[in-house]
Amino acid sequence: MWNTRMKGFAGRTLRTSIVPTEVPVSPEIAHVLDPELVDLITRMPKVELHVHLEGTLEPEIAFRLAEKNGVSLPYASVDAMRAAYDFADLQSFLDVYYAACAVLVTRDDFRELTLAYLRRAHAENIRHIEPFFDPQTHTERGVPFDTVIGGILDGLADGQREFGITSCLILSFLRHLSAESASATLAAAEPWLGKLVAVGLDSTELGNPPERFAEVFARARALGLLGVAHAGEEGDASFVTRTLDSLHVARIDHGVRAAENPLVMRRLAENDVTLTVCPNSNVRLRVVTDLSRVPLRTLLDAGVAVTVNSDDPAYFGGYIIENFTNISAALGLTPDDLYQLSVYAIGGSFADTHRKLELMDELESVFDGA
Ligand code: ES4
Ligand code: ZN
């Protein structure tokens with residue numbers, strides 16, 4: 001097994017690209033990014049550990065599904081929908097995100113949503129994904145649980161066949177709803193246990209502390225599922241600690257506010273808890289004022305296993321490559337940093353050992369190449 005604490009790769013040289021690639025770099029940072037680094041970001045095999053499938057719903061698909069299903073959207077056009085994505089905070093985003101989900105009705109709609117994301121993931125050289133879905137957003141408006149998960153699994157199977165992208169699916173509970181609703185959702189998932197890897201916890205963090213979900217996470221664990229949870233996004237570093245204490249999760253989603261407390265960072269590092277950081281999301285939802293304030297370097301320096309992810313890419317102006325290029329430009333990340341982040345993502349994933357070794361081989365072939 002490789003050492004997930006490895007900090008660098010002394011002596012390696014970077015392969016340069018022969019074929020020019022088109023990369024989504026934000027115009028305002030394009031001038032400060034080394035083209036070789038962009039090329040490396042593009043070519044390196046990537047693992048996405050924090051993406052909400054509902055957050056990959058692009059306005060074009062939303063409008064097409066709205067028309068097909070006879071659902072109305074509160075926007076005049078695709079452009080107007082995209083132009084409305086100017087969020088003041090997490091809640092103002094969630095209001096838009098949940099409302100748009102009304103266009104998802106049939107099993108095939110969920111398959112199409114999932115496959116569209118996988119097509120995009122393939123274009124960005126993502127090799128393994130661990131996406132969340134929020135079943136309660138759909139069951140609350142009368143779409144059966146089996147329709148939702150059935151369609152998503154169809155899309156994931158299509159994507160694996162077409163692109164070789166492997167996946168571990170995470171069922172996420174909405175923390176603004178009750179613990180009873182979360183328990184009923186887990187019960188509905190029991191026939192599908194073999195297709196799920198973990199449960200998660202998302203939605204509004206403030207006012208919805210993790211302890212309320214301790215019982216349902218314990219039940220999920222008893223059923224053989226792992227756990228992850230959003231924490232330290234809106235809430236301060238103490239929410240990260242409370243989440244570890246009450247939910248016993250393997251990863252913390254976001255977790256950036258852990259950087260405010262050295263003791264919390266030490267605990268994350270010592271316990272090998274992976275953080276799934278989403279730079280564009282943090283800026284768009286005003287968790288930080290600008291990219292340079294995303295504390296990725298602080299966390300790396302403290303030995304925390306951090307990863308870079310896209311969260312809700314259809315809403316936050318870019319997929320995983322744009323998150324890597326943006327944060328690289330803002331913090332001056334090096335090839336060593338990109339290698340370390342990639343090793344953390346592979347090591348912190350829920351893929352089996354065989355798949356992790358394959359992903360490490362793919363990573364080495366890019367970073368080792370002459
Ligand atoms: C989310 Cl950015 C974020 N935070 C919490 N919950 C979410 N659900 C979808 N995106
Ligand atoms: Zn998220």
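**Helix pairs, the ligand shell and model confidence**

The axes of helix 1 (residues 35–43) and helix 14 (residues 320–331) come within 10 Å and cross at roughly 150°. Here helices (H or I, at least four residues) and strands (E, at least two) are DSSP runs, numbered from the N terminus; axes are lines fitted to C-alpha atoms, for helices over the stretch in contact, with angles from 0 to 180 degrees between N-to-C directions. All of this is read from a predicted model, in which local features need pLDDT of at least 70 and side-chain atom pairs count only at pLDDT 80 or more, while totals for chains, interfaces and linings use all residues. Residues are numbered from 1 along each chain as its sequence is written, and chains are lettered from A and ligands numbered from 1 in the order in which they are written.

Helix 1 and helix 14 are therefore roughly antiparallel to each other (over 145 degrees; under 35 counts as roughly parallel, 65 to 115 as roughly perpendicular and the rest as oblique). The crossing is right-handed, meaning that the near helix is turned clockwise from the far one by less than a right angle. Leu37, Val38, Ile41 and Thr42 of helix 1 meet Ile321, Phe324, Thr325 and Ser328 of helix 14, contact being C-beta atoms, placed from the backbone, within 7 Å. These residues split into 5 nonpolar, 3 polar and no charged (Ala, Val, Leu, Ile, Met, Phe, Trp, Tyr, Cys and Pro are nonpolar, Asp, Glu, Lys and Arg charged, and the others, Gly among them, polar).

Next come helix 15 (residues 335–348) and helix 16 (residues 353–368), whose axes come within 10 Å and cross at roughly 170°. That makes helix 15 roughly antiparallel to helix 16. On the helix 15 side, Tyr339, Ser342 and Ile346 meet Lys356, Leu359, Met360, Leu363 and Phe367 of helix 16, and this contact has 6 nonpolar residues, 1 polar and 1 charged.

For helix 8 (residues 179–189) and helix 9 (residues 214–222), the axes come within 9 Å and cross at roughly 15°, so the two are roughly parallel to each other. Helix 8 passes helix 9 in a right-handed crossing.

As for ligand 1, the residues around it include His52, Tyr97, Asp202, His230, Glu233, Asp311 and Asp312, where a residue is near if its C-beta atom, placed from the backbone, lies within 6 Å. The shell comprises 3 nonpolar, 5 polar and 4 charged residues.

On confidence, the chain has a mean pLDDT of 93, with 91% of its residues at 70 or more (pLDDT is the predictor's confidence in each residue, from 0 to 100). Over residues 1–21, pLDDT stays under 50.

Note on methods: Two residues are in contact if their C-beta atoms, placed from the backbone, lie within 7 Å.
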